[in-house]
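Hi everyone, thanks for making time. Today I'd like to walk you through some side-chain contacts, so let's bring up the structure.

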Amino acid sequence: MMIPRRTFTMSLLAASLAGACSSTPMTPTPSPASPPPPFDPKRGYQRREVSAGGRTVVVRAWEGLAYVSRPVEPAWQVMNLYIPEAYFQGGQIDGRTARTAPIFLPNSIGGYMPAKPGTPEGRNGPPPAPGQTPLPSAIAVALTRGLVVASPGARGRTLQAADGTWTGKAPAAIIDLKAAVRFLRHHDAVMPGNTARIISNGTSAGGALSALLGASGNSPDHEEALRALGAAPARDDIFAVSAYCPITNLENADAAYEWQFGHAHDYRRIEMSMLDYQMQRREVAGTLTADQIALADALKASFPAYLNTLDLRDAAGRPLRLDAGGHGSFREHVKSLVIASAQQALDAGADLSSRRWLRIASGRVVDLDFDAYGLAATRMKLPPAFDGVALDTGENQLFGSSRLDKRHFTAFSMQHSRVVGAQQADERTVRMMNPMHYIGRSAATVAPHWRIRHGTMDRDTSLAVPVMLGTLLAQHGIDVDLALPWDRPHSGDYDLDALFAWIDRVTAAPR
Ligand code: DHB
């Protein structure tokens, strides 16, 4: 709840009216205004008890709340909203009130598939052993700590209308998350929770979208699509981002992958499928063909040029660069983050003697053989890892169009395509999915606080991807907490105590 918000909405309305009356021709014609979906804090909710960590909180639960007035996929463009009952009675939880409580915004997006809104009962982590209680969901933990929770559903790459039109291709999911934020801001005056403290959370594709939401606040690129959906007239920048293993920077991720795994010719591929809205993963082993090795080599050779265009610097201001062979200060920087993670594990008593790629002397991790580490982690994806030359990846399907299920999204894979008549997604759509394009650009508002985690045994994308993201943010004055948790495979929400301690810290500033 923030008092000045109404004024803002009014001024936005005034600005758009002024635009409509000006003599400058406007193209394309803006969609006719229709009021955003309503929200009534006194109606339409269920009372629920939510427990986590030995604490129980009573909440009002609105599930399946529409957040746009002209949905394309009404079953998916909805959110679940949970608000502690105490905030309707003038109460406090952990010192938080209706006015100050941060709003936790977790998405359940996986594999760039359509996602349902999350629930407090949603499982976190592997199924518990018989007789053991399951780990609480991030939503349950957030509520018991006095946060308001809004979990948006979103369109994804497989959705198709009855007439055959594809309805969830890029950038649909980010438009949906932004629309959900706008809905919260629009109803701020009557809804407990501080819209100046919205914190998004997501894992993998969901981590990528969490990052994109945080990087592209109020971006003009996304405006037209938001209007078409009848999103509320409000801002969509957020306060903080939590991103676990974000599968992001997709148009550069093929080269980044080969920079780390290019020499690894044996792979353990994961076949992904969806069951009951959960990603299912099955491992298949094999060896690259000569053709695939040639693709890997070409991609690997192209990475340093991209990396160097970013002009990254470490915290001390030293340039992070790569030579043509992929060696140099950026590689040393990535190594130093893995070494720091290994040191933490060692200090906590882990036995790392089997990790021959680490050099440990007198209780200190002093070096890491980066190539041997890549081999030990093992390659998971075939080159190109994301823009498949046979249009056979989830990302190819993400970048389809309303008429075409799958497209390329890099010039490299378009040139090497094995599919007759294959098409390439337009540059604007590709840009709208990549947070890297919005950081340091005045047209977007970047969230001031970020927490990025990518496990050292995660092979779904290169370590370079989260490191480039975190470094670029930090260079632009953003508060970044980036770490590579030891031995973690591709996963998220595994350290909720630490996540919520971070949230406590970043939201503690005066508001
Ligand atoms: C996810 C995993 C991937 O390897 C990928 O390419 C895209 C998404 C996921 O788990 O969300």
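One term before we start: a residue is called buried when its relative accessible area is under 20%. And please keep in mind that this is a predicted model.

With that in hand, look at two tryptophans: Trp 357 is buried, and Trp 486 is buried as well. In total there are 15 aromatic pairs. One of them joins Trp 357 and Trp 486 in a tilted arrangement, with 6.1 Å between the centres and 35 degrees between the planes. The two partners are 129 residues apart: Trp 357 is in the loop between α8 and β12, Trp 486 in the loop between β15 and α14. Both also belong to one aromatic cluster, whose members include Trp 259, Phe 303 and Tyr 373.

Rings meet charges here too. The charged end of Lys 116 sits over the ring of Trp 76, 4.2 Å from the ring centre, and the charged end of Lys 169 sits over the ring of Trp 166, at 4.4 Å.

Now, salt bridges: the count is 30. Among them, Asp 504 meets Arg 96 at 2.8 Å, N to O. Asp 504 is in helix α14 and Arg 96 in the loop between β3 and β4, so this pair ties together parts 408 residues apart in sequence. Is Arg 96 buried or exposed? It counts as buried, because its relative accessibility is 7%. Asp 504, at 28%, counts as partly exposed.

Finally, Asp 237 forms a salt bridge with Arg 185 (3.7 Å, N to O) and another with Arg 235 (2.9 Å, N to O). Asp 237 is buried at 9% relative accessible area, and Arg 185 is buried at 5%.

Note on methods. Residues numbered from 1 in each chain as written. Predicted model: local features only at pLDDT ≥ 70, side-chain atom pairs only at ≥ 80, totals over all residues. Heavy atoms only, no water. Phe/Tyr/Trp six-rings, centres within 6.5 Å; stacked < 30°, edge-to-face > 60°. Helix = DSSP H or I, 4+ residues; strand = E, 2+ residues; numbered from the N terminus. Buried < 20%, exposed > 50% of the residue type's maximum accessible area, 1.4 Å probe, protein only. Lys NZ or Arg CZ within 6 Å of the ring centre and 35° of its normal. Salt bridge = Lys/Arg side-chain N within 4 Å of Asp/Glu carboxyl O.
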